[in-house]
Amino acid sequence: MTYAVNPAIHRIEAPPIMEAQGWLRQGMRNRKILMLSQAVPSWSCAGELDDEVARLAHEPGISLYTDIFGLPELRAAIAGHFSADYGGSVAAHNVCVTAGCNQAFSAAMMAIARAGDNVVVPVPYFFNHTMWLGMLGIEARFIPAVAPGTNYPRPEDAERLIDGKTRAIVLCSPNNPTGAIYPPEVIAGFFALARARGIALVMDETYKDFRGGPAPAHGIFAEPGWEDSFIHLYSFSKAYAMTGYRIGSITASAQVLAEIEKILDCLAICPTHISQRAALFALTSLEGWKTEKIATMQDRLTALRRAFARPGLRYELISSGALFAYVKHPFTGETAKQVAVRLAGEHDLLCLPGSMFGPGQESYLRIAFANAEASDMETLADRLIESQG
Ligand SMILES: Cc1ncc(COP(=O)(O)O)c(C=O)c1O
């Protein structure tokens, strides 16, 4: 190659899921591989959605751009859904549709921070968050995501790190990678801190539908003036098994959305039109389907927790929820990556090492169990015990 690449991009790690897939042995196998590296449900999207998309493909205008912020009817439907689900007040003009939650995060952070600024991020973190911050030259200041005696971070840890260049606190609940579901009062504490310090609380709530009950995930949308301090990110990928449709959303103040509009215009102009219509159908017609799938995922979680109680299993379940289990491995002389590579290569179990989720995570593995049946969880325990030697 005769030209240089951007060093700010070059120094960022390669996409972790792709790397992990390379650890599987090639060749003949005589047993099922447990693919637990990526949080993708094992089922396809609803059959009714397939039918609707087939119908939509023939609609006049479906091949055209939409508004940068997405279809007005989808924005209104998302606002209505959030108002009901959070027991709060979200207007359509506070919502924009994105090509997935990763694009939502990228655009939101680019709109509020620049190189030399910093944001507070609990560790372990979702790696795409810190990859993006690193590319923009925004410093991630780390607090523990698992405070002593709890499985969630503490506002007081964040408070100590905030200075004149801090632009945001980033939270993810239900959490990837720990599966922890942060209690509403903890989220309220972070919101109060962000508000007091004049920074944004940015919450990635990709997994909100998997929070384990109908009670609102938090009460921020019911707070008057929430939009002055809060940016909410969502994804249609997981709850509706629509990963390939690439639809997510940003909910924020109209002022910050005006900045985000410039970014989205340059990135993709608008999310795919037919995908937006598919998301609108999902939101308005697939509530029953979604509820059923979420119950199935909850059964998988229960089976996983039961499997980790197996006598003789020396891997310890630290935290679990939504689509994730965060597990402490029993090997003191091996890095998390060495353990994960060995599990993949010798025990037909693909999961990710804690080291992909931040510093100080060498003792941990992330198991994304959405792709495993409840009946696979005992096999998971078998394979882990097998790896103990
Ligand atoms: C926390 C979190 N945010 C965002 C995403 C990406 O979501 P999307 O497919 O909507 O871009 C993921 C996917 O795994 C995730 O775990």
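Predicted model: local features only at pLDDT ≥ 70, side-chain atom pairs only at ≥ 80, totals over all residues.
Ala, Val, Leu, Ile, Met, Phe, Trp, Tyr, Cys and Pro count here as nonpolar, Asp, Glu, Lys and Arg as charged, and the others, Gly among them, as polar.

Figure 1. The ligand is surrounded by 13 residues, and the closest of them are Gly100, Cys101, Asn102, Ser235 and Ser237. Sorted by class, this shell around the ligand contains four nonpolar, eight polar and one charged residues.

Figure 2. The protein contains 13 helices and 13 strands. Its radius of gyration is 21 Å, close to the 21 Å that the globule rule gives for 389 residues, and the protein is therefore as compact as a globular protein of that length. Taken along the principal axes, the box filled by the C-alpha atoms is roughly 60 × 55 × 55 Å. Of the 389 residues in the protein, 45% are buried, and among the contacts with a separation of 6 or more, 75% are between residues 24 or more positions apart.

**Figure 3. Helix 4 and the elements that its buried residues pack against.** Helix 4 covers residues 72–86, and because its 15 residues should span 21 Å at 1.5 Å a residue, the 21 Å between its end C-alpha atoms agrees with expectation. The buried residues in this helix are Leu74, Arg75, Ile78, Ala79, Phe82 and Tyr86. When helix 4 is seen down its axis, these buried residues fall within an arc of 135°, so they line one face of the helix. They pack against strand 2 (95–98), strand 8 (248–251) and helix 10 (273–285). Just after helix 4 comes glycine 87, which has a positive phi of about 60°.

**Figure 4. Helix 13 and what covers its buried residues.** Within helix 13, which comprises residues 377–387, the residues Met377, Leu380 and Leu384 are buried. Seen down the helix axis, the buried residues of helix 13 fall within an arc of 50°, so they line one face of the helix. The elements that cover them include strand 1 (34–35), helix 11 (287–307) and strand 11 (349–350). Just after helix 13, a positive phi of about 80° is found at glycine 389.

**Figure 5. Proline 353 in strand 12.** Proline 353 belongs to strand 12, which is made up of residues 352–353. This proline counts as buried because it has 25 C-beta neighbours inside 10 Å, where 20 or more are required. When residues up to four places away in sequence are not counted, proline 353 touches Ala336, Lys337, Val339, Ala340 and Leu365. One of these, alanine 336, is 17 residues from proline 353 along the chain, while the C-alpha atoms of the two are separated by 4.8 Å.

**Figure 6. Isoleucine 187 in helix 8.** Helix 8 (residues 184–197) contains isoleucine 187, which counts as buried because 22 C-beta neighbours lie inside 10 Å. Leaving aside neighbours within four places in sequence, the residues in contact with isoleucine 187 are Leu171, Ser173, Tyr182, His218 and Ile220. Tyrosine 152 is 35 residues from isoleucine 187 in sequence, and the distance between them, C-alpha to C-alpha, is 9.7 Å.

**Figure 7. Positive phi at isoleucine 269 and at alanine 322.** Isoleucine 269, a residue other than glycine, has a positive phi near 65° and lies in the loop between helix 9 (254–267) and helix 10. With 11 other C-beta atoms within 10 Å, isoleucine 269 is exposed. Alanine 322, again a residue other than glycine, has a positive phi near 50°, and its place is in the loop between strand 9 (316–321) and strand 10 (324–328). Alanine 322 is buried, with 29 other C-beta atoms within 10 Å.

Conventions:
Residues numbered from 1 in each chain as written. Helix = DSSP H or I, 4+ residues; strand = E, 2+ residues; numbered from the N terminus. Rg over C-alpha atoms; globule rule 2.2 N^0.38 Å. Buried ≥ 20, exposed ≤ 12 C-beta atoms within 10 Å, placed from the backbone. Contact = placed C-beta atoms within 7 Å. Expected span 1.5 Å × (residues − 1). Arc of directions from axis to C-beta. Near = placed C-beta within 6 Å.
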